[in-house]
Amino acid sequence: MSQQKPSIIHIIRPDDWHLHIRAGEGLKSVIPHTARQCGRAIIMPNLTPPVINTEQAGIYRQSILAALPENTHFTPLMTLYLTNDTPVEEIQKALDCGFIAAVKLYPAGATTNSDAGVTDIKKCYPTLEKMQELGLPLLVHGEVTAAEIDIFDREKRFIDDKLIPLISDFPELKIVFEHITTADAADFVTQSSAYIAATITAHHLLMNRNDMLVGGIKPHHYCLPVLKRETHRQALLKAAASGNNKFFMGTDSAPHSRQNKETACGCAGMFTAFAAIELYAEAFDEASSLDKLEQFSSLNGPLFYGLEANNDMITLQREKWTVPDSYPFGDDQLIPLRAGQSIHWKLKS
Ligand code: DOR
Ligand code: ZN
């Protein structure tokens with residue numbers, strides 16, 4: 001018997017556990033989108049220069065709070081950018097300040113503004129030891145960077161070559177494997193201890209590599225880790241909608257100006273924050289799992305980070321609307337995912 005599809009759902013307000021909002025005028029343009037939808041967001045530290053210490057994170061946080069529309073209840077959860085030289089003492093400072101929720105590991109060269117990232121994780125061992133002791137999570141961009149490794153294999157190789165040894169050396173370090181894109185990563189996280197969790201983006205739940213490459217190259221569908229084949233998308237959808245509390249929402253919404261995307265060497269990243277929860281609703285709807293959306297978007301993240309869930313609700317309605325062709329991004333424009341096309345769920349204010 002076919003089940004009636006719901007036309008309206010009410011869920012606890014979600015959080016975005018992986019978000020890029022940049023700085024300056026760009027920040028002012030994009031943060032209202034997330035603040036309208038989410039109670040909190042983990043703010044990525046890959047600015048130029050990167051946010052490498054508590055003092056810089058505090059300044060960045062103030063600029064975010066100043067950019068919020070009036071009467072918005074939104075909490076930015078700050079992160080530090082791990083370098084080969086992050087001092088051990090910085091971890092205690094980060095914990096004591098009360099506004100830093102995690103430390104981000106970018107393997108040097110893996111993605112946007114990762115040049116100052118880690119070249120040899122062993123150099124960070126004393127710092128990781130302290131994080132394990134204090135319970136401060138490590139957020140991982142899980143791709144190897146060696147030139148000879150095929151870009152579609154970089155996540156799997158990261159698991160085998162980097163993550164397994166790291167977990168074996170720090171079995172009680174809380175780790176979020178960020179924006180996982182493969183069946184291998186979903187299986188690995190499922191089988192790991194309770195210290196290991198993962199975020200999944202809406203775009204990796206909704207698209208595969210054909211959406212980037214068939215019928216002409218689509219620079220606005222280029223992100224890192226790059227979209228994978230359909231079997232991987234199916235595995236991610238299954239993990240997200242499984243009810244397993246290790247998987248939670250992290251959009252990796254990553255705004256770049258139109259000109260930085262539509263060029264001979266375009267930047268990686270998709271802008272999805274304007275419709276984050278609607279895009280996830282579409283993905284869960286496709287999997288006939290809308291009843292699992294709240295757990296993924298609003299409960300599993302706080303559980304892993306040791307926080308309470310948000311205390312208000314949002315309403316989503318099955319309603320088709322057309323995405324604008326562009327949004328302002330400081331003095332520039334940015335092209336959102338699905339520009340000029342439709343989304344089938346709408347957040348009601
Ligand atoms: O697509 C991406 N964009 N992946 C990342 O890891 C970084 C992000 C960005 O900052 O633009
Ligand atoms: Zn990211």
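Is C265 buried or exposed? C265 counts as exposed, at 68% relative accessibility. The model behind this briefing is predicted.

**Ligand 1: where it sits**
- The shell around ligand 1 holds 14 residues, and the nearest of them are R22, N46, T111, L224 and H256.
- By class, the shell residues are 8 polar, 4 nonpolar and 2 charged.

**Ligand 1: polar contacts**
- R22 places a polar side-chain atom 2.8 Å from an oxygen atom of ligand 1.
- N46 also has a polar side-chain atom 2.8 Å from an oxygen atom of the ligand.
- H256 contributes an N or O atom of its side chain, and this atom is 2.8 Å from an oxygen atom of ligand 1.
- On its own, ligand 1 has 290 Å² of accessible area, and the protein covers 100% of that area.

**Cysteines: disulfide count**
- A disulfide is a covalent bond that joins the sulfur atoms of two cysteines.
- The count for this model is 0 disulfides, with a cut-off of 2.5 Å between cysteine sulfur atoms.

- C97 is partly exposed, with a relative accessible area of 26%.
- C265 is in no disulfide either, as the nearest cysteine sulfur, that of C267, lies 7.7 Å away.

Definitions and conventions. Residues numbered from 1 in each chain as written. Chains lettered and ligands numbered in written order. Predicted model: local features only at pLDDT ≥ 70, side-chain atom pairs only at ≥ 80, totals over all residues. Heavy atoms only, no water. Buried < 20%, exposed > 50% of the residue type's maximum accessible area, 1.4 Å probe, protein only. Near = heavy atom within 4 Å. Polar contact = N/O pair within 3.5 Å; in protein donor to acceptor, adjacent residues only side chain to side chain. Areas by Shrake-Rupley, 256 points an atom, 1.4 Å probe, with all protein chains shown as cover. Nonpolar A, V, L, I, M, F, W, Y, C, P; charged D, E, K, R; others polar.
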